Amino acid sequence: MKRLLNTLYVTTQGAYLSKEGEAVRVQVGDELKLRLPMHTLTSVVCFGQVSCSPFLLGALAERGIAVAYLTEHGRFLASVHGNTSGNVLLRREQYRAADDGGRSAAIARNVVLAKVANSRNVLLRAARETGRSSDEEAGNHGLPEAAERLASSLRELEREQFLAQGGTVDSVRGIEGDAARVYFGAFGSLLATGDETLRFKGRTRRPPLDPINAVLSFVYTLLVHDVRGACESVGLDPAVGFLHRDRPGRPSLALDLMEELRPHLADRLALSMFNRRQLQRKDFEYQESGAVTLETDARKRVLVAYQERKQEEVLHPFLEERVPIGLIPFVQAKLLARHLRGGLDGYPPYFWK
């Protein structure tokens, strides 16, 4: 099993990263902030005005350590990485599968099956933890009704003849879209803050319009970075997916695999940080445009919580062994590669239990 390494997140504005022997040196002005051995890293993420020396970028690329550049508030800008690892034959098979409507639909269906099942589990478990009654409203739907509607989506996808009777990637996308609306329609009722200013009114992006959406978007950015790195580490092309359409600059495969992971890895993290009062209204900046972003200190707390979350172990349902949560993207990328090579009849997605 691959060893879980660290991701170095640099959020201090004006920080400069350089190579010092076999270590990454982080300094601000003349002050040394951190020295970290490169062999302990899997990636480096720089937020805002953070710069790296050319020698460090070259050394990291040689070691397969990617460097990502984001805006101060977490919007992806660019990444630097070395040669793509893996076998060119795997990538050619990935492209053939992506061009085959039936194979794409089968992989997309499995991804969405896990996403909907994991989303339903988030609703049910969070309802138990927050003590919500069965009669309490969750947006336009009570929690039991929302859970049942997601169960209905699962039954539709699980029908034995779904693909044989014309199930396509577009039909999978339709079911996924309906399930997402139900899920986020119920999501707000899982918050137990009691603060009306933190009320969740539905999923909003580009920009997020409330604190909950600001945290969700930020953690999704972190997660897609990890999934993209996992795809590249096993030799898959992160730009060519099955559920998401190809678009220049978009890591479609990373977005595919992220779908089944974000209810457990990201949504649960956001919920717990608000419900435990680790995030409050004062931790957010409110722009005149309506956009809401995390304050610097709050962003650091989310990064720490995300790293701690990745260290927790869970039982992987397909491998039937315990693995750190942070390795799940790598495991899923390996399973997809194995399926594409013909070693598995179908792609086994990650079901959280």
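# Exercises on a predicted model

Arg 206 counts as exposed, because its relative accessibility is 75%. The model used in these exercises is predicted.

## Exercise 1. Another positive phi

Task: Decide whether Glu 320 is buried or exposed, and say where Glu 320 is found.

Solution. 
- Step 1. Locate the residue. The loop between β13 (313–316) and β14 (321–324) holds Glu 320.
- Step 2. Read the angle. Glu 320 is not a glycine, yet its phi is positive, at about 55°.
- Step 3. Apply the cut-off. Exposed means over 50% relative accessible area. Glu 320 has 66%, so Glu 320 is exposed.

## Exercise 2. Cysteines

Solution. 
- Step 1. Recall the cut-off. Two cysteine sulfur atoms must be within 2.5 Å.
- Step 2. The cysteine sulfur nearest to that of Cys 46 belongs to Cys 52, and it is 4.0 Å away. Cys 46 is therefore in no disulfide, given the 2.5 Å cut-off.
- Step 3. Look at burial. Cys 46 has 0% relative accessibility, so Cys 46 is buried. Cys 231 is buried because its relative accessibility is 0%.

## Exercise 3. Nonpolar cores

Task: Which residues have the most contacts inside the largest nonpolar core?

Solution. 
- Step 1. Start with the core itself. The largest nonpolar core has 89 residues.
- Step 2. Name the residues with the most contacts inside it. They are Phe 187, Leu 236, Leu 279 and Leu 336.
- Step 3. Follow one of them. Leaving out residues up to four places away in sequence, Phe 187 touches Phe 200, Ile 212, Leu 216, Asp 267 and Leu 271.
- Step 4. Look beyond this core. Another core, of 19 residues, lies apart from the largest one. Among its residues are Leu 8, Val 26, Cys 46 and Leu 60.
- Step 5. In soluble globular proteins, nonpolar side chains tend to be buried together.

## Exercise 4. Cavities

Task: How many cavities of 30 Å³ or more does the structure hold, and which residues line them?

Solution. 
- Step 1. Count. There are two cavities of 30 Å³ or more.
- Step 2. Take the largest. Its volume is about 50 Å³. Its lining is Lys 115, Val 116, Ser 119, Leu 150, Glu 176, Ala 179, Ala 180 and Tyr 183.
- Step 3. Sort that lining by class. Five residues are nonpolar, one is polar and two are charged.
- Step 4. Assign helices. α3 (101–130) and α5 (169–187) each give at least two residues to this lining. The largest share, four residues, comes from α5.
- Step 5. Take the second largest cavity. Its space is about 30 Å³. Its lining is Lys 115, Ser 119, Ala 180, Tyr 183, Phe 184, Tyr 220, Arg 262, Pro 263 and Asp 267.
- Step 6. Sort again. The second largest cavity has five nonpolar, one polar and three charged lining residues. α3, α5 and α7 (252–275) each supply at least two of its lining residues.

Terms used. Residues are numbered from 1 along each chain as its sequence is written. This is a predicted model: local features need pLDDT of at least 70, side-chain atom pairs count only at pLDDT 80 or more; totals for chains, interfaces and linings use all residues. Side-chain values use heavy atoms; hydrogens and water are left out. Buried means under 20% relative accessible area, exposed over 50%, partly exposed in between (1.4 Å probe, protein chains only). On a 1 Å grid over the protein atoms alone, a cavity is a set of points where a 1.4 Å probe fits but cannot get out, and a pocket is an open set with protein on both sides within 12 Å along at least five of seven lines; lining residues have an atom within 4 Å of a point. Grid points are joined across faces, edges and corners, and a volume is the space filled by probe spheres set on the points. Ala, Val, Leu, Ile, Met, Phe, Trp, Tyr, Cys and Pro count as nonpolar, Asp, Glu, Lys and Arg as charged, and the others, Gly among them, as polar. A nonpolar core is a set of buried Ala, Val, Leu, Ile, Met, Phe, Trp, Tyr and Cys residues joined through side-chain atoms within 4.5 Å. Contact means heavy atoms within 4.5 Å.
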